[in-house]
Structures are given as structure tokens and as C-alpha cells.
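Subject: Structure handover

Hello,

Here is the structure I promised to pass on. Please open it next to this email and follow along.

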Amino acid sequence: MARKLPHKDAVIIGLGWTGSILANELTDAGLDVVAIERGPWRDTATDFLMSYAQDELRYRIRHELFLRPSQISVTFRNNAEQMALPVRTWGAFMLGNGAGGAGVHWNAETWRFLPTDFTLRTHLTQRYGANILPQDMTIQDWGITYDQLEPHYDQFEYLCGTSGQAGNLKGTIQAGGNPFEGPRSRPYPTPPMKQGYGHTLFAQAAEELGYKPFPQPSGNLSQSYTNPLGVTLGQCTYCGFCEWFGCANYSKATPQTTILPVLLRKSSFEARTECEVTRINLDSSGKRATGVTYVDSSGSEVEQPADLVLLCAFSLFNVQLLLLSGIGTPYDPNTGQGQIGRNFTHQTMSSALGFFDKDRYNFNPFVASGAIGMCIDEFNGDNFDHSKAGFVGGGYIGQVQTNGRPIETTAVPPGTPAWGSKWKQALRDNYLSTINAGGACHGSMYSYRDVYLSLDPTYKDRFGRPLVRLTIDFHENELKMAAFMTDKYAELLQKMGAKQVVKQPRKGPYDVTAYQTSHLNGGAIMGTNPSNSALNIYLQSWDVPNLFVQGASAFPQNAGYNPTGTVGALAFWSAHAIRSQYLKNPGPLVHA
Amino acid sequence: MHQVNRRQLLATSAIALLLIPQAARAALIKGGLPWKPGAADPPTIVRPGPWHFFTAQEAATVEAFVDRLIPADDLSPGGKDCGCAVFIDRQLAGPYGRFDGYYMSGPFHKGTKQQGPQSPLTPAQHYRKALAALDDACRQKFGGKVFAALSDEQKDQAIKGLEDGSLKLEKLDGKEFFKLILKNTQNGFLADPIYGGNKGAASWKMIGFPGTHYDYRGWIDRHNQRVTLPTIGIADHPNWSE
Amino acid sequence: MHEKDKRILGALFALALIAGGDGARAAGIDKQDFNQIERGHYLAIVGDCAACHTLPGSGHEFAGGRRIETPFGTLVSPNITPDPTTGIGAWTDQEFVNALTKGRGRHGTRLYPAMPYTYYTKLTPDDALAIHAYLNTIPAVHNAVKSDQLPFPFSMRWTLAIWDELFFTPGTFHPDPHKSAEWNRGAYLAEGPGHCGMCHTPKNFLGADDTRKSLQGYALQGWFSPNITNDPRRGLGGWSVDDIVAYLKTGHNKTSAATGLMSETLNLSTSKMSDADLEAIAVYLKNDTNGSSGNKTASADPPDPAVMKEGAAIYADECSGCHTLNGKGAPGLFPSLNGSPVVQQTDPTTVLHVVLRGARSVGTAPQPTAPAMPQFGWILDDDQVSAVVTYIRNAWGNSAPAVSANQVKKTRQMLVERSD
């Protein structure tokens, strides 16, 4: 029998990026807020110590900061003919846990989506005709425009102190920035990061080939910065232990380094850690959330009543909780009915290895950060003419090598023996002179009828609840795009002076053991009416108006960029709507 | 040196964490950023000593194996002298050996390659079975000799046999075992020396990785120049007492 | 007007200023005097009564029960809410003023000088009364506290008569007519209700202030409260008045951050004081000539070059990632070790404490970040700590006595026995 606690104005499920942003916004609006976080409390000086944060085996190979699949996992199959099996250890994606969520161990690559990304179906159809889209592709417009979101992109970037070079200031293209980006109202809060040798050579080669390279927008800061909340971050020291790791010197934008110091000072906020929300409770009408039930670390069930529920648990777990709580209709891929689980996407990542003459090139790969890199955007979105391409979509291409951590940095030319003296020699000869950027071709993944999330019929979590099941495979469109982008990147590596280029285009089937970012999106998408989405444009559930579902689960399809910038912007956009409209008049914000 | 166990600190420290009786049993974070003096969860530094997991025979096999995967030459000491067998031993005796943190509930079905490893066999169990099976296979193939007793050439032959599947292990997939031991050996060779392998940061010196430095601000602009910092690890700082 | 008259007028004016109110008021409390209660509330903040009399986390202000470490054992603070049986509700105004300014409890019992009556004695009678007026208005909490917990022979309160005879000079503050009104206000606050010397002045073996070394630093409760005279190296000589005000108000200035015991003083007291009062204190401290040599000569023998070499190597690998190779850190985030008075105290306890156990700097509304330093005690042995601490105390123009491995060992042992 669950113990029932005193009421709170708002309960937030998960204290990652969106949970922290919403908690701060709602407490500013005068609400009494509790955040329930499944993982542990984490903070810089107690968890990411300068004396042992640089431990590749512990954090990168043994996944110490990530969610343990034994606590909760997911299942996977390529298609409905297969039986989905559990992901017993992470591979294709790494799921976060604990205070700060994935915001602790992300790369901090902080992008905005293109204006056309938000009106994708309309745009592509208008430009190319509807036939360019594969029959089973289910992309759709978001319901909002880039211009509507722009002030909130700005808000997130100024919260983080993002380091970058503006490419489009209020419509005027700026040299040195991304000429394709949507117009921004003001420059980045801090100047771009410095770049290493390999990144700089790439930019030179890109210019020689007629592209417009620019520094990757980075949440590893180029200089110390105090954000609008009064919180100060430090200057990144290019330690090369960024993504997958906690930052030891306050120089990576995370909830810890941007929001939590201010949030925790408020008497109207509290966080309960090591507590897992097992369901969102509804009243008898099924149209109103009454709060959540969670299980504490001793296994006791607790009920937390609240007027407002914010679901901030990461895309996969957002969808799982909606399904387990009976909110909305589960998606049926055969009929196409039901919104919960639909339009699930990942990313289509490709790369190429560039082996250079070791006597002439030393890239010092270990001098780097998670978001270092020089990029070109000519092949992203619809930035180029796709009429004869044979696919739609694309992504940025960049020399974005983030580290030289030895266990991971063992790329050797094909044909090298896998062990023995020759292996060692190849390792020695290539470590310093190889360009090995896993994220080089950051291709989009558009949504398809047969790629979706649902509840698994067989495998359960430790509470006996069904795990969320991923049904996902690559489609021709994405694989063609991947090959195209890889060819372009390979050209650039050649131009840089590589003596050997080994292309690594993404190939199917989708493999749950092959890492390609944790950018898992969709499943509870936003849209203009309940027949095409789970949420309205303010991320408010069509089914349960006092429930808002944050995060990338809202993306109707993925774009060719890292999602966190857009996740942060949407969180601020949603928070603004809650504060300026919903709290004054609780109820549906959109009547469709 | 004194290691502070985070759980001990949580149990004994009375400040910073406010535990309100009527709330759930969990950490309640409220009223300011928590602070526990001395809080840390440092890695356990592997010390030389008796084997924690391997029997003497298993250890001999693994030492012989790693010494062929990473032979001694002018680039680095061999896998054995680098401590790769010690690394594997300590890893198998710990949470990795048990697949702690892995989702290990059944039912277990083989699945496609894309669905990833689905065996209930933990690394510790895998090694235990495979090392015994390897010796059996070697006895059959090499006139009664176990792996550790073979000549270097014969060892390499046996290893290649595992690698390409021609050397079969009883009730086990030799290729899978080969992948496992190769990965563990190379991890140990390239990991921080605190884990028992990569003794003296030998592999790092070989490739030119200066180790666990945290501040490269003075180097980011020095393009195409060799970094001349001393090679250090988390607990390896020979430069401190030079 | 004669010079003497001018000085008297000036003194009277200063007295009025420092008392902060109408000096001509008759003694006594007017329960309806909002101003008096307000002033009493403010003075209770300046006096930081809550630091001893409020048990953290109890939600009951001034209800006592807090354990206070002294060199002679642990005392427990009494309940000073107006509860008539367990608090001071039954006390008269005179009894309250006697406690505050003469160190006498009800019925004349002598108070232990852990209660800073040796400082509060400087309060004007009006100010003391104002505090009582305020305390009369706070919620009465029924909380019986057994205060008397010192071991024999300190349990014998009559011995305090001797202590008081030797070390206590009762009497209200006398402004210095040669100094500005602002200086006098600062002196009144610092030497009176602010009782800075309680933590910052070294003590003799009987726990009394060594007045020859006023504000030159004192080791207590696992820390060393630094020298806050105007000494150019070990005191506030390198800080401007603005730097001191910023520190007291926000816990941070461009080179330093408050941590340890001072965090509480920040939170409960100085961050809530007026800018004018903080400036007055700063002016007072900057004009304190006691103990200041005036010029920044080296304060210690140069350390062993081998130790400096080892310390520099450790510093580069473990410390420079935040504090930078030139020791200057990052303003508002990583304190500057270069030129830092805290680093150069003769007694290295604070530096050792921070290195061995880490420390969180204080978070305040204007400076909420509260960056924390991680602990290094797990990875650095006593020799290594002594090398790196000797290094930072003597690099970049710093100068302070070397720290031995034995000192580190003792400090480590002392800290292990502490939970705070």
C-alpha cells in the first residue's frame, strides 16, 4: 500500500536538463516543486574529481556514469518478424542516470536545427513534389517555426555560455560562422573554442573545396562565463576526457554548472534521488494526472500528489511511462493508429579514417574537448539540391575528433593483424597521425511507419513492468545519404593530405551494439492536432492537460544535428507557455 | 593515502543531507548544494600479490596467452610483464567478471548479431570454462601439452586457430572466447596502470599519449608539435620525484 | 570652540552614530517601539547569535541545544527564546544586559567566555536592550538544554572569577576622537557585536585573547582563521575596502572565496549586514596597524629547492587544471593562490584541510555558484602534500614557512576524527 505524501504544486520526473530547466522556471513562478530522480545525486567536486576523472576504463569502457541495464533496460529488434531481445549492456546508445542526467556526460555539442527542419514535410513537398518522399516515411511538420523557437535557443545558449561563431545575425551572414543557420538575434555568449591541428587542417581543406567551415558550437567553454542566473563556469582545458565523463573543472555546461546551484537555494524545491517513478496516476476520468507513484531505494512505494506533472525522464522512458500509465493510445504500426510510440528515430552516423604520414603529421588527438571541431553544413537538411540525390536529409560533416583516449584510439590500416608485434607497430605508427572522428558525418534519420516504440511482451524491469521495445532498422533513404556524406568526408580527408582513407559509411541492419550517439527521439511527438501527435506545440499532452512531456521524444523526426540545443530550447518554450498561460488558466492550451 | 568510501560517509556524516522522517527512504536534497567533507569514490588501485580469481594453472595459461597477443619487442615489454594477466585477473574478480550492472534476466535466446550478446555466461564463468577447454584442445592437438607448455610458434598457431575457428573448444565458441580475451588484454595494455596492466605506462609511452594531464591550454595552439609533458597516470607520477 | 570641546562633540556624535539610534533615550524597552525591535534584530545578526544558539536543521531559532567546541571541552548553547521555564522569558532587562556585557547569568552565575561577553561588553546599553527587545518577540520554544557539560575542573564555574579578573575588562566602546566616524563604527562592530577576534585572535593557554596579536589568526575546529590585520602578505594588505566588502557580503571577491567556518558567518551574519556597516568594518581593518609590518618582505626562509621542484610537478599535474600554472585561478570560481593571504598563514591548517578533504565555498544570492575543491587526501601521501603545499606557499612571490610531512600527518589525523 503506497504511503501518500503531502501535496506539491508540481512533480518533475527526472532531474536531467529538462527537469532542471523546468524546476527552476516553475519555482520562479512561485510553485512548490519536487523532482524525483532515479539515480544518485552528483556534483563536480564529489563525483568528478580532478585526481581520477581521467579514467577511460572506468567511465568509457565500464560505463560507470550511465544507467545500469540491471536497473532498467530496453529491448530491441529490427522488425516485427523478430523477437525483441534485451539490451544487456549498452552499445548503440548510452543512457544517462542521476542528477544532471545525460547532461553530465554529454559532448556539449550545442546546435540549432534549420528553419526548414521544423516545416520539413511542407518544405520538401513544395520544393520537390510529394513523390520524393518514400511511401513509408512519416515525417511531418512540428507545428512551430524556427522563428518561434529562436528566443529560447538564445535562452539555452546563454544559460550554457555556449562558445561559437554566429553565422547569421538577424539575416546578415557573418564570415566564419555557419552560413546556413537560421537567423540568430545576437552572437554566442562566448567566442568559439580553439582548434587543434587536425581540426584546422580540415577547415583549410574545406575552404579549398569551396565550403564554408565554421567552429562547432560548444558547451565546453572557451573562457570563464557567468550566466543570467549568476552561476559561473570555467574555461575548458582541452583535457580530452569529456564525453562519457564528468567535467572536473566546471567548464562543461551541465545542469550542475548552470542551474542546480541556484535551484537548490530555493526553499520551494527539493529533489529525491534514488527513487524511481513507476507510473503517473490519473483520476477516474483518465484525463487528469493526480501525481506519481514511485519506489524508493528500500523498495517502498510512495505516492506523490501534484497538480502538474512534468515528464522529463528521457525519450525512451517518457514513452514507457506514458504507455504504462495508460496515457494516450499505443501506436499500432499495422493500422497507423495511436500516437504513443510513433515516429521513433535515432541518428545515421558515418565516418572515415584518415591515415597520415607519421613523419609529417602530429595531431595530438588527446588535446581536445567533447565539442571541439570544424564543420561544414553544405550537406545538412535541405541545404543542397536533392532532386537527383536519391535521398532526402543530410547532416553536418566535420573533423570533430574529441579525444585520443588509448583504448578507443586504436584505428590501424585495414589488413593489420589484430594482435602481435605488427599490431603494436601499427598502433605506434598511427596513433598520433590518424584522423578518427566517430561523429564526422552526423546524418539525420527521418521517421518511418515501421520504426517505433512499444511495450515488450516478455522482458520486465526489476518491478515487473514491461520494458520499452525498440523496433528500428535503417531505410534505403538514410543509407544512401550515409554513403553520400561519407564520400564527401573522404574527399575532404584526401584534400587534407591523408595517405590512406578508409570509408566507414553506416550500413544496415541497425545494430544495437554499434555506438552512434544517444540521440533517440520521437515516440511522443508534438504536432498541431491529436490525430497527428501526442503533444500540442507546448509539449502538453492532448490526453492529459496537466501533463507536459519534455525532451526529444517530442521530435517528429530527427535532423542532422545533435538534439540537445533543441531540447533545451523546447524546454524553455514550454516553460514560458506554462508560466504565461497555463498557470493562470489551467487546461488545454490548444483547442484542435 | 587514504581511501574514503562514499557509503561510509553517508552513514556517518550528520550534516548537509537532511533526512526528513516522514519522506521516503532516499536522499533528500534540499536547501543548498550538499557537501560531505572528503567525499570521493576513488578507484581501487591494483596491488601486486596473489591471484584473486585465477588458479595457478589458469594464471599460467593467461600469462602465456597475453605474452603472445602482446609479445615483448623493442616497442614495449610483453603482455605478461606489462601486467595484462594481473589486469584480467582483477577484472574477473570484480564487478566486470560478474557482469554486475548488466541486464541478466531471462529468458535467454541467441538472437541476431545486431541484437548483441545474449549469453548468460559471465566473463568469469567464460574464462573458467574456456581456459580448461583450451588446455584440453591443446593436449589433443599438441601431443599432450597444455597451452602454457607450448613453444611460441605453437602458441601462435593455437591462438590463430581460436581466432579463425579452426581450433574448436568443447561446448564453447572459441571465436567468442578469443574476442573476449583479446579485448581484455588490449584494454589492460592500454588502460591506466592502476588497474594492473600497462605497467609503467609502457603502452602510452609507446604511442605518445602523455596520460592523465588535465590542462592542455598551453598546447592547443601548438599545431604539429610533439607534446613534451611527462607521461603520467592517475597514481603514476614518476616526474614528482625526479 | 575649544579643541577639547570639539573632540567631546565629535565623540558624542560618534557615540550616537555607533549606537545607531537616539542616544538620549531613557534606558528600558518600549514594547511598541518598532525601530528598537528592528535594530535589535539587526544587532542579533551582527552578533551572529544564531551561530551558537540555533541548532541547524531544527527549525527553532535561538532555542539552543547546539554543541560548541571549545579547547576545554564541549558546551551546549542555552535556549534564549522567551520561554519562561526553559528559555530566558523570565529574565529582566538588567539580567539580560548583564549576561551580554558582564558575562553574568541569572543570579550572578558566571558565563563561560565561549559566550563572547568579552566582546559584547562593548555594546552600548541601548544596543543591548534593543537585542533583548527583539528576542522578546520571537516564538518561545520549550526546549530544556543542559548547558553545563564541560569536564572537571572546568565544570567549576567559580574558577571563572579568576579568569574574568585576569582577562576581562568590562565596559562599553569608547570611540577614538582622532578617527573618522566610519572607522569608529567599524571598530564598534568588529570589536563589539561582530566579535571578529573570537575566531581571528590567537589565544593564550587559558583560552583568553592574546591582545598583543589581535586579529593575527587562530586555529580552531580543524581550520585556521586567518590574519585579518592589514598585513600586506598574511593579512588584508592586498585587498581594497571594496574587496573586503564584497567578501563579507557575497562570500567571494575576485581572488578569494569563503569556506569552512566562515561560510556560516557569511550566511547568518555578514551577508545580511548593510553595505555601510561592512564598509566601516573594512575601513577599520585596513587601518589596523597592530601586527602589520607595512611592507611585504619574505616571511620565511626560502624552502628546499628539491621540495619546490617536487611541489611544482605535483601542482602542474593536480592543481593547475583549476588554479592555473601562474596560480591566479579564475575570478569568482577558482581562488587565486598567487598572493593569497590564506595560503601564506604561518599556521597551514586551513590549506592542509582544504587539500586533504576538499572544501565547498559559500553560496550566496549574488554569488550562488558555490564551487567546491575536491579532496586530494586519497592520492597524495604526507610527503607529497607537504611538497605541494610548501610549493604554493612559496611560488609566484609568495613566502611562508615550509610544511613538513609530520605536520601533514598530524593534521590528517586530526581531521579524520572530525565529521565536519
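How many bridges join strand β1 (residues 67–70) of chain C to strand β2 (residues 73–76) of chain C? There are four, and the two strands run antiparallel. Find C:Thr70 in your viewer, and you will see C:Gly73 of β2(C) standing opposite. Two residues lie between β1(C) and β2(C), and the pair forms a hairpin.

Before you go further, remember that this is a predicted model. Its scores are ipTM 0.95 and pTM 0.94.

**Confidence by chain**

Start with chain B. Its mean pLDDT is 90, and 89% of its residues reach 70 or more.

Now chain C. The average pLDDT of chain C is 90, with 91% of the residues scoring at least 70. Residues 16–27 of chain C stay under 50. For residues 16–27 of chain C, the model has 18 contacts beyond four places in sequence.

**Where chain A meets chain B**

This contact takes 78 residues from chain A and 65 residues from chain B. On the chain A side, several elements supply at least two residues each, among them α3 (56–61), α7 (197–208), β11 (269–273) and β20 (452–460). Which element of chain A gives the most to the side that touches chain B? That is α11(A), with five residues. Sorted by class, the side of chain A that touches chain B has 37 nonpolar, 25 polar and 16 charged residues.

Strand pairing also links these two chains. β11(A) is joined by four bridges to strand β1 (residues 27–30) of chain B. These two strands run antiparallel. To find the spot, select A:Arg272, whose bridge partner in β1(B) is B:Leu28.

**Where chain C meets chain A**

Here, 19 residues come from chain C and 19 residues from chain A. On the chain C side, α13 (305–323) and β6 (372–373) each supply at least two residues. The largest share of the side of chain C that touches chain A comes from α13(C), which gives three residues. By class, this side of chain C has 13 nonpolar, five polar and one charged residues.

**A sheet in chain A**

Look next for an open sheet of four strands in chain A. Its order is β5-β4-β21-β20, and the pairing is mixed. Which strands sit at the edges? They are β5 and β20 of chain A, and each pairs on one side only.

Inside the sheet, strand β4 (residues 74–77) of chain A pairs with strand β21 (residues 466–471) of chain A. That pairing is parallel and runs over four bridges.

**Two helix pairs**

Two packed helices are described by the angle between their axes and the distance between the axes.

The chain A pair is helix α1 (residues 17–28) and helix α13 (residues 564–582). Their axes come within 10 Å and cross at roughly 25°. Angles under 35 degrees count as roughly parallel, so α1(A) is roughly parallel to α13(A). The crossing is right-handed. From α1(A), the contact residues include A:Trp17, A:Ile21 and A:Leu22. From α13(A), they include A:Val567, A:Ala571 and A:Phe572. The residues of this contact divide into seven nonpolar, three polar and two charged.

The chain C pair is helix α14 (residues 349–357) and helix α16 (residues 405–416). Their axes also come within 10 Å, and they cross at roughly 65°. Parallel or perpendicular? The angle makes α14(C) roughly perpendicular to α16(C). The crossing of α14(C) and α16(C) is right-handed. C:Thr349, C:Leu352, C:His353, C:Leu356 and C:Arg357 of α14(C) make the contact with C:Val408, C:Thr411, C:Arg412 and C:Leu415 of α16(C). By class, these residues divide into four nonpolar, three polar and two charged.

Best wishes

Note on methods: Residues numbered from 1 in each chain as written. Chains lettered and ligands numbered in written order. Predicted model: local features only at pLDDT ≥ 70, side-chain atom pairs only at ≥ 80, totals over all residues. Contact = placed C-beta atoms within 7 Å. Nonpolar A, V, L, I, M, F, W, Y, C, P; charged D, E, K, R; others polar. Pairing = 2+ DSSP bridges. Axes fitted to C-alpha atoms, helices over the stretch in contact; angles between N-to-C directions. Parallel < 35°, antiparallel > 145°, perpendicular 65-115°, else oblique. Left-handed = near helix turned anticlockwise from the far one by under 90°. pLDDT = per-residue confidence, 0-100.
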